[in-house]
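Reader: I have a new structure to look at. Can you walk me through it?

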Amino acid sequence: MQEYTFNHFWKDLDDGLEIYYTYMNKRYMIYKLTKNCYKQELIDRDEKSPHPKMSMLTLKRVKELFEHMTDFEYKTGL
């Protein structure tokens, strides 16, 4: 099986995919809004959670998080 690289991940975001992933035992969704602007949404919400429900991220921050992301899933909107 081929390793899922950041370049592939970035291309998938650039192609308009919504990508679900796990980070720090929480489930998130990320998608591209505009050039260098990505929206991350928390899917697993607890009533009193210190994790923000939504975040705006730059490509630099997405690169930093990528190495800690696991369990990728895609949503194409089709």
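Author: What follows is a short chat about the fold, the strands, the helices and the aromatic rings. One caution at the start: this is a predicted model.

Reader: Fine. How many helices and strands are there in the protein?

Author: The protein has two helices and five strands. Along the sequence they follow the pattern α-β-β-β-β-α-β.

Reader: And how compact is it, for 78 residues?

Author: The radius of gyration is 12 Å, close to the 12 Å that the globule rule gives for 78 residues, so the protein is as compact as a globular protein of that length. Its C-alpha atoms fill a box of roughly 35 × 30 × 30 Å along the principal axes.

Reader: What share of the residues is buried?

Author: Buried residues make up 37% of the 78. The accessible surface comes to about 5,700 Å². Carbon and sulfur atoms hold 50% of that surface.

Reader: What about contacts between residues 24 or more positions apart?

Author: Take the contacts with a separation of 6 or more. Residues 24 or more positions apart account for 38% of those.

Reader: Strands next. How do S1 and S2 run, parallel or antiparallel?

Author: Antiparallel, with five bridges joining S1 to S2. One of the bridge pairs is Ile19 with Ile30 in S2.

Reader: Then S2 and S3. How many bridges there?

Author: Six, and the pairing is again in the antiparallel sense. Tyr28 has Leu42 in S3 as its bridge partner. S2 and S3 also form a hairpin with two residues between the strands. In that hairpin Asn36 takes a positive phi, near 60 degrees.

Reader: Which strand does S3 join through four bridges?

Author: S4, and the two run antiparallel. Gln40 stands opposite Ser55 in S4.

Reader: Which residues of S4 are on the covered face?

Author: Ser55 and Leu57. The uncovered face of S4 has Met54 and Met56. S4 itself spans residues 54–57.

Reader: Switching to helices. Which residues of H1 are buried?

Author: Phe6, Phe9, Asp12 and Leu13, in a helix that covers residues 6–14. They take up an arc of only 120 degrees around the axis, which puts them on the same side of H1.

Reader: What do those buried residues pack against?

Author: Strands S1, S2, S3 and S5, along with helix H2.

Reader: And what follows H1?

Author: Gly16, with a positive phi near 95 degrees.

Reader: Now H2. Which residues are buried there?

Author: Leu59, Val62, Leu65 and Phe66. Seen down the axis of H2, these buried residues fall within an arc of 120 degrees, so they line one face of the helix.

Reader: What do the buried residues of H2 pack against?

Author: H1, S1, S2, S3, S4 and S5.

Reader: Last topic, the rings. How many aromatic pairs does the structure hold?

Author: Eleven. Take Tyr4 and Tyr74: their ring centres are 6.2 Å apart and their planes lie at 80 degrees, so the pair is edge-to-face. The cut-off for edge-to-face is over 60 degrees.

Reader: Where do Tyr4 and Tyr74 lie?

Author: Tyr4 lies in the segment before H1 and Tyr74 in strand S5, so the pair ties together parts that are 70 residues apart in sequence. Tyr74 is partly exposed, with a relative accessible area of 39%.

Reader: What kind of aromatic pair do Phe9 and Phe66 form?

Author: A tilted one. The rings are 5.1 Å centre to centre, with 40 degrees between the planes. Phe9 lies in helix H1 and Phe66 in helix H2, so this pair ties together parts that are 57 residues apart in sequence.

Reader: Is Phe9 buried or exposed?

Author: Buried, at a relative accessible area of 0%. Phe66 counts as buried too, at 12% relative accessibility. The cut-off for buried is under 20%.

Reader: Which residues form the aromatic cluster?

Author: Tyr4, Phe6, Phe9, Phe66, Phe72 and Tyr74 form one cluster.

Notes. Residues are numbered from 1 along each chain as its sequence is written. This is a predicted model: local features need pLDDT of at least 70, side-chain atom pairs count only at pLDDT 80 or more; totals for chains, interfaces and linings use all residues. Side-chain values use heavy atoms; hydrogens and water are left out. Buried means under 20% relative accessible area, exposed over 50%, partly exposed in between (1.4 Å probe, protein chains only). The arc is that of the directions from the helix axis to the C-beta atoms. Contact means heavy atoms within 4.5 Å. Two strands pair if DSSP finds at least two bridges between them. The radius of gyration is taken over C-alpha atoms; the globule rule is 2.2 Å times the number of residues to the power 0.38. Accessible areas come from the Shrake-Rupley method with a 1.4 Å probe; for residues, only the protein chains shown count as cover. Rings of Phe, Tyr and Trp (its six-membered ring) pair if their centres lie within 6.5 Å; planes under 30 degrees apart count as stacked, over 60 as edge-to-face and the rest as tilted.
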